[in-house]
Amino acid sequence: MTEQDTTPVVQRVDARHRYEIAVGDQRAGLTAYRDRDDRRVFFHTEIDDAYAGRGLAGVLVEYALNDVRASRMRIVPVCPYVAKFLKKHEEFADIADPVTPEIMDWLEGQLKR
């Protein structure tokens, strides 16, 4: 495998409400969201065990948050990993909103569909 084959690639997959990270031709993980008005609510991030320990979750979430900023939206970090990432990366604080009971109720309704 060449270096290029192992460079992680992230893309937003709107139809599935998530960002996916791939290494070569294999999906290595995802971070899932739902949009509410101008807020992108992130609720789950996972990296497949075969790709653990490579820092891919950080690459994935950083890409996703930069994409949210470029889309002029805001972030709601329901996902524990995204919340932890935001604590370490204060450059996203200006577009982050708190998780509220209202958001949690709304998200629960979205995920039951």
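Visitor: What pattern does the protein chain follow, read along the sequence?
Guide: This is a predicted model, where local features need pLDDT of at least 70, side-chain atom pairs count only at pLDDT 80 or more, and totals for chains, interfaces and linings use all residues. Residues are numbered from 1 along each chain as its sequence is written, and side-chain values use heavy atoms, leaving out hydrogens and water. Helices (DSSP H or I, at least four residues) and strands (E, at least two) are numbered from the N terminus. Along the sequence, the pattern is α-β-β-β-β-α-β-α-α.

Visitor: What radius of gyration does the protein chain have, and why does it agree with a compact globule?
Guide: The radius is taken over C-alpha atoms, and the globule rule is 2.2 Å times the number of residues to the power 0.38. For 113 residues a compact globule would come out near 13 Å, so the chain agrees with its 14 Å.

Visitor: Which residues of helix α3 are buried?
Guide: Buried means under 20% relative accessible area and exposed over 50%, with partly exposed in between (1.4 Å probe, protein chains only). In α3, residues 80-88, the buried ones are Val82, Phe85 and Leu86. They sit on the same side of α3, because they cover an arc of only 100° around the axis, judged by directions from the helix axis to the C-beta atoms.

Visitor: Which exposed residues does the face of α3 turned away from its buried side carry, and what do the buried ones pack against?
Guide: The face turned away carries Pro80, Lys87 and Lys88. Contact means heavy atoms within 4.5 Å. The buried residues of α3 pack against β3 (26-36), β4 (39-47), α2 (56-70) and β5 (74-77).
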